[in-house]
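Please walk through this fold with me, from its overall plan to its pockets. Keep the sequence beside the model as you read.

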Amino acid sequence: DLACYLQQQGELGAAASELERALAAARQVNGANSFALGVIYSTRADIRLLLGRADDALADAERSIELLCAADDPNPYVLGATVRADVQARMALGQLDDALQAGEGALSWLGDRVPQTRSLILSTLASTLRAAGRLEEAYDTLARAAELERQAFRELSELQLKLERATLEVSA
């Protein structure tokens, strides 16, 4: 959390130092800690992208994805954010096809779950395609992302309606 705060404040060196402390602490834990390590590597990938270190960012993103997928049901939000970092790093390294494949692979894995995370991945892919001059594909990908945003909004609205109904029933 401190590293994320420092990153938001633009103190990337301090954020990177905090992540090294977090990695050292996580490595000392006995037992399963792949989620904690996955989050740390994912965050470090973002910071390394901001520092212009795409090779290192890609290595961290790949390690994070490996750790997160070691669980039977990885956290889809963290996985989505990590795939976004992976795609951005690959794009920075000129690996457009690999970036697209990584993003589409994550979308396949997520299936119908977590539309907001899928939308984040699609938006990143659309930006990647636009930067590569593949405008028609970028537009199609952005349209897919917009539909997922609408789906997420509908699901949230349904949940809010159910909550209101339950509250009214309890009051009655």
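This is a predicted model: local features need pLDDT of at least 70, side-chain atom pairs count only at pLDDT 80 or more; totals for chains, interfaces and linings use all residues.

Which residue with a positive phi follows helix 3? That residue is G52, and its phi is near 80°.

Now the overall plan. The protein chain has 8 helices and 0 strands. Along the sequence, the pattern reads α-α-α-α-α-α-α-α. The C-alpha trace spans about 55 × 45 × 35 Å along its principal axes. The chain holds 172 residues, and buried residues make up 38% of them. Consider the contacts with a separation of 6 or more: 54% of these join residues 24 or more positions apart.

Start with helix 3, residues 34-50. Helix 3 has 17 residues. From its first C-alpha to its last, helix 3 reaches 24 Å, close to the 24 Å expected at 1.5 Å a residue. Its buried residues are L37, G38, I40, Y41, S42, T43, R44, A45, D46, I47 and R48. What covers them? The cover includes helix 1, helix 2, helix 4 and helix 5. Helix 4 runs over residues 54-68.

D46 deserves a stop. This residue is found in helix 3. Buried or exposed? D46 has a relative accessible area of 16%, and the cut-off for buried is under 20%, so D46 counts as buried. Leaving out residues up to four places away in sequence, D46 touches Q7, R84 and A85.

A81 is found in helix 5. Its relative accessible area is 13%, so A81 is buried as well, given the cut-off of under 20%.

Next comes helix 8, residues 135-171. Why does its length agree with expectation? At 1.5 Å a residue, its 37 residues should span 54 Å, and the end C-alpha atoms are 53 Å apart, so the two values agree. The buried residues of helix 8 are A138, T141, A145, L148 and A152. Helix 7, residues 115-131, is part of what covers them.

Turn to the nonpolar cores. In soluble globular proteins, nonpolar side chains tend to be buried together. The largest nonpolar core here has 18 residues. Which of them have the most contacts inside it? They are V83, V87, L100, L107, I121, L122 and L125. Helix 5, helix 6, helix 7 and helix 8 each supply at least two residues of this core. Helix 6 gives the most, with 6 residues. Take I121 as an example. Not counting residues up to four places away in sequence, I121 touches G80, V83, G103, A106, L107 and L110. A second, separate core has 12 residues, including L19, L37, I47 and L67.

Finally, the open spaces. Rolling a probe the size of a water molecule over the atoms shows where empty space is left. The largest pocket contains about 260 Å³ of space. Helix 1, helix 3 and helix 5 are the elements that give two or more residues to its lining. That lining consists of C4, Q7, Q8, V39, S42, T43, D46, Y77, V78, A81, R84 and L120. By type, the lining divides into 6 nonpolar, 4 polar and 2 charged residues.

How much space lies in the second largest pocket? About 160 Å³. Helix 1, helix 2 and helix 3 each give two or more residues to the lining of this second pocket. D1, L2, A3, C4, E18, L19, A22, V39, I40 and T43 line it. These residues divide into 7 nonpolar, 1 polar and 2 charged.

Technical notes
Residues are numbered from 1 along each chain as its sequence is written. Side-chain values use heavy atoms; hydrogens and water are left out. On a 1 Å grid over the protein atoms alone, a cavity is a set of points where a 1.4 Å probe fits but cannot get out, and a pocket is an open set with protein on both sides within 12 Å along at least five of seven lines; lining residues have an atom within 4 Å of a point. Grid points are joined across faces, edges and corners, and a volume is the space filled by probe spheres set on the points. Helices (H or I, at least four residues) and strands (E, at least two) are DSSP runs, numbered from the N terminus. Ala, Val, Leu, Ile, Met, Phe, Trp, Tyr, Cys and Pro count as nonpolar, Asp, Glu, Lys and Arg as charged, and the others, Gly among them, as polar. The expected span of a helix is 1.5 Å times one less than its number of residues. Buried means under 20% relative accessible area, exposed over 50%, partly exposed in between (1.4 Å probe, protein chains only). Contact means heavy atoms within 4.5 Å. A nonpolar core is a set of buried Ala, Val, Leu, Ile, Met, Phe, Trp, Tyr and Cys residues joined through side-chain atoms within 4.5 Å.
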